[in-house]
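Please consult the sequence and structure below alongside the text.

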Amino acid sequence: MNGTSSKLVFNETQLRNAVNAATGDDATEIYIAKNITLTSGINVSGKKLNVVGNGNTISFDSSKTQNGVFGNNTNAVTANTKITVSDLTIRNTSESAGGWASVIGYNAYSAEVSYTNCTFENLGAAIYCNPVTADQSGSSAPSITITECTFTESGGIGMDYGNSVMIPEITFENNNGITQNLVTLKNADGSEQVFTQIQAAIDNATDGATITVGPGTYNGNITFGGKSLTIQAQYPAYKDGVRETDTSKLSRFTGTFNTYGTDSSSFNEDQKVVIEGFALSGDGLKIGNQNYNSVGNLEVRHCTMEFGENSTSINTNRYAGLNYFVKTSGNNDEHYASVTVEDNYISGTPDENIFPIQLWDVDKATVQNNVMYLSNADDKQAISISKMDDAATVTITDNTIRGAGGGIYITTWHLGGVTNNNNETFTGSITVEDNTMDCAESEMHPIFLG
């Protein structure tokens with residue numbers, strides 16, 4: 001091949017010499033002829049390499065090679081480095097999973113790292129990418145490609161994000177043994193970027209963006225920064241009364257989509273956040289706020305929520321140890337939100353003193369076509385709506401509720417023309433119809449209006 005040198009290597013010394021002789025001008029093709037065990041790291045910075053494994057294995061002890069093979073903690077992949085690796089097994093021989101096939105450094109603008117038809121064994125991740133600073137005029141973000149590879153007790157792509165960084169171009173396709181967390185941001189202007197964390201996508205989004213979250217398990221205290229966003233799972237966990245049975249398609253979320261505002265003045269009546277399709281579980285509140293909701297419009301659809309023995313604590317305040325599916329409240333009756341919760345599946349045993357759906361301080365509340373199958377919930381109301389605007393519209397229809405001590409609790413504090421302490425009279429509308437309820441035997445009532 002014109003402009004390309006070729007090296008056949010049989011051992012560590014020959015591999016190291018071949019890499020050292022390579023430049024960033026023309027690609028050096030390195031053919032690995034036997035299994036190789038590394039005793040120290042390899043410096044690939046600024047090189048252009050095409051490594052063909054021929055079915056062989058490179059083994060390394062992550063503690064002896066600075067946690068990497070083609071790029072490590074000491075000598076990471078840097079600017080303009082081009083590495084292509086194929087048909088090679090990379091194995092960490094340490095007792096616990098750790099290290100990476102490649103580490104991408106902070107200044108790796110215009111770098112390219114590609115693995116095809118490789119096997120990764122006992123690694124922390126195949127590739128770890130540090131935040132790449134965006135201070136080079138005319139340079140591009142690093143490119144990461146992993147295709148048709150096999151993962152054995154190994155992670156996929158690990159990544160840190162920070163301010164003023166270049167977002168890597170990520171391709172992760174047709175791999176076995178792993179589902180990589182990939183979050184695709186599509187802004188209103190049609191531009192797209194791929195991340196591995198939900199919050200990173202939100203931080204880089206513009207108003208009106210759609211964020212699609214691929215299968216995998218995600219966590220974090222997710223905030224929206226005043227932006228109107230749609231955040232959707234790639235495959236809905238529940239839709240039109242049908243749960244997704246292929247667990248490999250689920251986007252599992254164990255954190256909180258947090259609509260909290262620092263005080264009532266942070267309320268944004270024009271902001272709209274749509275959450276769709278997640279398989280929710282874990283400690284604490286899932287969607288909404290503990291107090292002082294800041295999002296003017298919130299819609300939650302096609303999710304599953306599983307309560308269980310997973311409510312330990314979320315912080316030290318009075319909500320510690322409590323789980324909610326959707327909860328909005330706060331703003332001291334100064335601002336009211338529009339909230340829609342529809343076509344979701346809620347199951348399991350909630351913690352004590354819980355309303356799985358609690359919508360307070362609303363001027364519009366729609367709860368429809370949800371299924372709740374609760375257990376050991378004799379002291380629970382399934383749906384609670386209160387502290388509403390005096391002209392609020394509330395619609396609770398076509399829900400199925402089983403196992404709760406009480407099904408639906410709605411109070412205006414002044415229903416039927418009776419004024420409250422502020423001498424306000426409720427003039428809105430409340431519709432509760434076509435709900436199916438099989439509530440637990442208790443002193444609570446299936447429907448309470450007051």
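**Sheet pairing and salt bridges**

Three bridges join strand S3 to strand S5 (residues 57–60), and these two strands run parallel. The model is predicted: local features require pLDDT of at least 70, side-chain atom pairs count only at pLDDT 80 or more, and totals for chains, interfaces and linings use all residues. Residues are numbered from 1 along each chain as its sequence is written, and side-chain values use heavy atoms, with hydrogens and water left out.

**The sheet**

- The open sheet comprises five strands in the order S3-S5-S7-S10-S14, with parallel pairing; two strands pair if DSSP finds at least two bridges between them.
- Strand S3 (36–38) and strand S14 (150–152) form the edges, each pairing on one side only.
- From one strand to the next, the twist averages 15 degrees.
- Strands of a sheet pair through backbone hydrogen bonds, either parallel or antiparallel.

**Helix H1 against the sheet**

- Helix H1 (residues 12–21) lies across S3 and S5, at about 70 degrees to S3.
- Axes are lines fitted to C-alpha atoms, for helices over the stretch in contact (heavy atoms within 4.5 Å), and angles run from 0 to 180 degrees between N-to-C directions.
- Helices (H or I, at least four residues) and strands (E, at least two) are DSSP runs, numbered from the N terminus.

**Salt bridges**

- The whole structure contains eight salt bridges, each defined as a side-chain nitrogen of Lys or Arg within 4 Å of a carboxyl oxygen of Asp or Glu.
- In one of them, the side chains of Glu-12 and Arg-16 meet at 2.5 Å, N to O. Glu-12 and Arg-16 are separated by about one helical turn because they are four residues apart in helix H1.
- Glu-12 is buried, with a relative accessible area of 15%; the term denotes under 20% relative accessible area, with exposed over 50% and partly exposed in between (1.4 Å probe, protein chains only).

- Arg-301 forms a salt bridge with Glu-276, with 3.9 Å between the closest N and O atoms. This pair links distant parts of the chain, 25 residues apart: Arg-301 lies in strand S31 (residues 295–301) and Glu-276 in strand S28 (residues 268–276).
- A salt bridge also connects the side chains of Arg-301 and Glu-299 (2.7 Å, N to O).
- Arg-301 is buried, with a relative accessible area of 16%, and Glu-299 is buried with a value of 16%.
- Through shared partners, salt bridges join Lys-272, Glu-276, Glu-299, Arg-301 and Glu-342 into one network.
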